[in-house]
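Reader: Can you walk me through this one? Keep it brisk, please.

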Amino acid sequence: MTNDNPLNTMTAAQIMCQKVLTVPSDWSVDRLALFLTDKGISGAPVVNNAGQLVGVVSFSDIVREAGSGLVDMTLRDDDFYNAMTDKGLSPEDQRSFHDLVDQSALVNDIMTPMVFEVSGDTPLYNVRDVRLLN
C-alpha cells in the first residue's frame, strides 16, 4: 500500500460530519423528504423515541418506497444495498417525491435497520471494510 492513497493516510475523524442531523423513526416519509430537501442532505441517522440510534434512511429509501411496488422490501440483502447509490438530485427532483410517497408510510417502514460504528481514529481503509466485519 502506498501512502499517497487517502484510504491509507486519513481517518474517520478527518472526514466525518461533526454536527449530525437525525430524524425520528415515527416521522412520515413525506416529512422526511421535506426535511432532507430543506437541509440539502441525502440521508440521516434514525433515532427512536428514547433517542437511540436504530437505523439510517436516505433518498434512495424514499425512491424505493415511491416506486412501483416491484421491489420486495423483505428481501433486502447486501447486493440490494450495494446496487443503491445516492445521486445528486436537483431540488425539483427531490420535491417530486412528495407527490409519489405513500402518506401512511413512516421512516421506520423504509429505513435500513443496520448501523455500523467505528471510532474516529479508524483508518479509512478499515471504514470501507467495516460492513464486511459485522
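Author: One term before we start. A contact here means heavy atoms within 4.5 Å. On that basis, residues 24 or more positions apart make up 64% of the protein's contacts with a separation of 6 or more. Keep in mind that this is a predicted model.

Reader: Noted. How many helices and strands are in the protein?

Author: The protein has 8 helices and 3 strands. Reading from the N terminus, the elements go α-α-β-α-β-β-α-α-α-α-α.

Reader: And what share of the residues counts as buried?

Author: Of 134 residues, 28% count as buried. The accessible surface is about 8,700 Å². Carbon and sulfur atoms hold 52% of that surface.

Reader: Do the details by pair. Are strand 1 and strand 2 parallel or antiparallel?

Author: Strand 1 and strand 2 pair in the parallel sense, over 2 bridges. Valine 23 has valine 46 of strand 2 as its bridge partner.

Reader: And strand 2 with strand 3: parallel or antiparallel?

Author: Those two run antiparallel, joined by 5 bridges. Alanine 44 has valine 57 in strand 3 as its bridge partner. Valine 47 is bridged to leucine 53, also in strand 3.

Reader: How many residues sit between strand 2 and strand 3 in the hairpin?

Author: There are 5 residues between them. Glycine 51 is in the turn and has a positive phi of about 80 degrees.

Reader: On to packing. Which residues touch the most other members of the largest nonpolar core?

Author: Val23, Leu32, Val57, Ile62 and Val107 do, in a core of 16 residues. Two or more residues each come from helix 3 (29-39), strand 2 (43-47), helix 4 (59-66) and helix 7 (107-110). Helix 3 gives the most, with 5 residues.

Reader: Aromatics next. How many aromatic pairs does a search of the whole structure find?

Author: The search finds 1 aromatic pair. The partners are tryptophan 27 and phenylalanine 35.

Reader: Why is the pair edge-to-face?

Author: Planes over 60 degrees apart count as edge-to-face. The planes of tryptophan 27 and phenylalanine 35 are at 70 degrees, so their pair falls in that class. The ring centres are 5.3 Å apart.

Reader: Are tryptophan 27 and phenylalanine 35 buried or exposed?

Author: Buried means under 20% relative accessible area. Tryptophan 27 is at 13% relative accessibility, so tryptophan 27 counts as buried. Phenylalanine 35 is buried too, with a relative accessible area of 15%.

Reader: Last topic. Where does threonine 122 lie?

Author: Threonine 122 is in the loop between helix 7 and helix 8 (124-133).

Reader: In a loop, then. Is threonine 122 buried or exposed?

Author: Threonine 122 is buried, with a relative accessible area of 13%.

Reader: What does the side chain of threonine 122 reach?

Author: The side chain reaches the backbone oxygen of serine 119, at 2.9 Å.

Reader: And which residues does threonine 122 touch, not counting those up to four places away in sequence?

Author: Threonine 122 touches Met10, Thr11, Ala12 and Val127.

Reader: Thanks, that covers my list.

Notes:
Residues are numbered from 1 along each chain as its sequence is written. Side-chain values use heavy atoms; hydrogens and water are left out. Helices (H or I, at least four residues) and strands (E, at least two) are DSSP runs, numbered from the N terminus. Buried means under 20% relative accessible area, exposed over 50%, partly exposed in between (1.4 Å probe, protein chains only). Accessible areas come from the Shrake-Rupley method with a 1.4 Å probe; for residues, only the protein chains shown count as cover. A nonpolar core is a set of buried Ala, Val, Leu, Ile, Met, Phe, Trp, Tyr and Cys residues joined through side-chain atoms within 4.5 Å. Rings of Phe, Tyr and Trp (its six-membered ring) pair if their centres lie within 6.5 Å; planes under 30 degrees apart count as stacked, over 60 as edge-to-face and the rest as tilted. A polar contact is a pair of N or O atoms within 3.5 Å; within protein, one must be able to donate a hydrogen and the other to accept it, and residues adjacent in sequence count only if both atoms are side-chain atoms. Two strands pair if DSSP finds at least two bridges between them.
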